[in-house]
Amino acid sequence: MLTHHRCPVSLSFVATNLPLWSAFDTYATLYQKDRDCFHLLLKHPVFPRTGEDFTAAPDPQKAGLLWFEFSSQRVLMTLQGRSQLGYRHHWANGVYGTSRYWLHDETDHLHSAIRLRNFTRRLVVSGYPLPDRIQIEYELWSGDLMLGCYIVHLDLHL
């Protein structure tokens, strides 16, 4: 039986060797698929377009849907929605996974896609019986070129 819980969450994304940082608080719905497998759905804020005012209120109709599918062994994170940017990451402890990014135009046609590798240094899912924290530390690679080291941190306030 699928159970779900609505809860506030805090999500942050930090580059440890680049000047990149993003964080936001919102509400999410946690779905328990089985004892150790969960889905978490939340709305992601809209990314401003080039030339747009970063201080203007975002259009909530263009918010993306951020979807986590996770267990203690792996995490998949997908952003899809009405914004121009979409991505999907697959992480597992000590493994090279994939990170895919794609762009859409105004009519939602796919413009281009980029496929990169990531190496998961550390993946932690904690909390029992329901998870309350996910932390992923990873490197992003294009061929032999490292594109940075990152930390994704998600707190579920159950």
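A strand, as I use the word here, is a DSSP run of E of at least two residues, and strands are numbered from the N terminus. With that in hand, the order of elements from the N terminus on reads β-β-β-β-β-β-β-β-β-β. The count is 10 strands and 0 helices. Please keep in mind that this is a predicted model.

Next, the chain as a whole. The protein chain has 158 residues, and 36% of them count as buried. Its accessible surface comes to about 9,500 Å², with 56% of that belonging to carbon and sulfur atoms. Now take the contacts with a separation of 6 or more: 38% of these are between residues 24 or more positions apart.

On to the inside. Which residues have the most contacts within the largest nonpolar core? They are L40 and F68, and that core has 29 residues. Let us stay with F68 for a moment. If we leave aside neighbours within four places in sequence, F68 is in contact with L11, F38, H39, L40, L42, V75, L76, M77 and L154.

Now the cysteines. How many disulfides does a search of the whole structure find? The search finds 0. C37 has 17% relative accessibility, so C37 counts as buried. C149 has 9%, so C149 counts as buried too.

Last, the aromatic rings. A search of the whole structure finds 6 aromatic pairs. One of them is Y87 with Y101, where the ring centres are 6.1 Å apart. Why is this pair called tilted? Planes under 30 degrees apart count as stacked and planes over 60 as edge-to-face, with the rest called tilted. The planes of Y87 and Y101 are at 55°, so the pair is tilted.

This pair also links distant parts of the chain. Y87 lies in strand β6, residues 85-92, and Y101 lies in strand β7, residues 96-104; the two tyrosines are 14 residues apart. Are they buried or partly exposed? Y87 is buried, because its relative accessible area is 11%. Y101 has 22% relative accessibility, so Y101 counts as partly exposed.

There is also an aromatic cluster to find on the screen. Its members are F13, W91, Y138 and Y150.

To recap: 10 strands and 0 helices, a largest nonpolar core of 29 residues, 0 disulfides and 6 aromatic pairs.

Technical notes
Residues numbered from 1 in each chain as written. Predicted model: local features only at pLDDT ≥ 70, side-chain atom pairs only at ≥ 80, totals over all residues. Heavy atoms only, no water. Core = buried A, V, L, I, M, F, W, Y, C linked by side-chain atoms within 4.5 Å. Buried < 20%, exposed > 50% of the residue type's maximum accessible area, 1.4 Å probe, protein only. Contact = heavy atoms within 4.5 Å. Disulfide = S-S within 2.5 Å. Phe/Tyr/Trp six-rings, centres within 6.5 Å; stacked < 30°, edge-to-face > 60°. Helix = DSSP H or I, 4+ residues; strand = E, 2+ residues; numbered from the N terminus. Areas by Shrake-Rupley, 256 points an atom, 1.4 Å probe, with all protein chains shown as cover.
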